[in-house]
Amino acid sequence: RAQKQGKSSFVLYDASMQLELQSRMKMEARLLSALDHDEFKLVYQPQVDSSTGRISGFEALLRWENPELGQVAPDKFIQIAEDIRQIIPIGEWVLLTACRFLKKLHNSGYEGYKISVNISVIQLKQEGFVHTMADILQKVDLPAEFLEIEITESLFMESSERNELIAKLDQLRQLGIGIALDDFGTGYSSLDYLRELPITTLKMDKKFVDPIEQDEDSRSLASAILLIGHSLGLKIVAEGVETASQFHFLKTHGCDKIQGYLFSKPLGEAEVAGLLSKWDDGRA
Ligand code: C2E
Ligand code: MG
Ligand code: MG
Ligand code: MG
């Protein structure tokens, strides 16, 4: 009897693996045609300068809606898009779309705003990536200083390629593009990266922002991150700021910018225009 049960549970396990594989393959197939079918859009989350309370820029965040799969969260599909290298054309679409959006804002008189775009290491590793970036900026006619790319620490794990990647980041810096280290303090963080990478901005992960109200140790950690970042000449953006007291603490400790639901969720293009018409008093 035990044997029989064992066998049937094996079969069950096998069937669920089979299902998982099927859904994965389905997702891959849908991802491959998603660009052609116009299933992606970008939303934009404001970043607020904590000393002035003004919006300084936006982070572009990718959204995917497939007729069959519905809304799929980036955390569910980015990794798969990376595995099948589809992140390369998708990422190029993101860059072009985000830059065009910003150019449109600038042209409507909302000047000075910046755009931050998440970049996958697969894109960065691609030959000709720096050239692609320069091309996009030229095509859109956007000065490089308005563009910042966000990269995550995990990317730099593989030390064999590290020097090559750093050289590429240096070239992007030379073009005038800003570089933010995203999700700082999570994953494969090493303080050494801060010294090694030619970054301009540090994005303090939500993980450090969340517990600020709860205990002194968390506050010490958050203020230590701010101190380290600032002493290295970096700007610091706090991610996932949801409460007024988190904002107050971060502002008091010199955090340059905040991003989070407290100020705004990621917004569609029309909503951004609506927000700026209310908030931007510096319209040219
Ligand atoms: P991320 O770059 O760290 O982006 C911040 C995430 O936190 C976003 O999730 C944003 O919607 C969410 N968020 C912002 N403020 C708050 C808050 O106050 N509370 C909470 N709970 N969440 C907040 P999202 O849009 O689901 O993106 C998840 C991740 O997917 C991003 O993390 C980024 O790593 C990746 N991603 C998004 N768009 C792209 C893209 O165009 N290209 C690449 N390669 N990755 C992307
Ligand atoms: Mg990001
Ligand atoms: Mg982040
Ligand atoms: Mg993240």
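Colleague: At what angle do H5 and helix H6 pack?
Modeller: In this predicted model, the axes of H5 and H6 (residues 159-175) lie 10 Å apart. Axes are lines fitted to C-alpha atoms, for helices over the stretch in contact, and angles run from 0 to 180 degrees between N-to-C directions. The packing angle is about 20°.

Colleague: Is H5 roughly parallel or roughly antiparallel to H6?
Modeller: Angles under 35 degrees count as roughly parallel, over 145 as roughly antiparallel, 65 to 115 as roughly perpendicular and the rest as oblique. H5 is therefore, relative to H6, roughly parallel.

Colleague: Which residues of H6 make the contact with H5?
Modeller: Contact means heavy atoms within 4.5 Å. H5 contributes Phe129, Val130, Met133 and Ala134. From H6 come Lys168, Gln171, Leu172 and Leu175.

Colleague: How far apart are the axes of H3 and H5?
Modeller: H3 covers residues 87-107 and H5 residues 129-140. Their packing angle is about 30°, so H3 and H5 are roughly parallel. Their axes are separated by 10 Å.

Colleague: How many residues of H3 are buried?
Modeller: Buried means under 20% relative accessible area, exposed over 50%, partly exposed in between (1.4 Å probe, protein chains only). H3 is largely enclosed by the rest of the structure, because the buried share of its 21 residues is 15.

Colleague: What is the phi of Gly109 near?
Modeller: Gly109 follows H3. Its phi is positive, near 100°.

Terms used. Residues numbered from 1 in each chain as written. Chains lettered and ligands numbered in written order. Predicted model: local features only at pLDDT ≥ 70, side-chain atom pairs only at ≥ 80, totals over all residues. Heavy atoms only, no water. Helix = DSSP H or I, 4+ residues; strand = E, 2+ residues; numbered from the N terminus.
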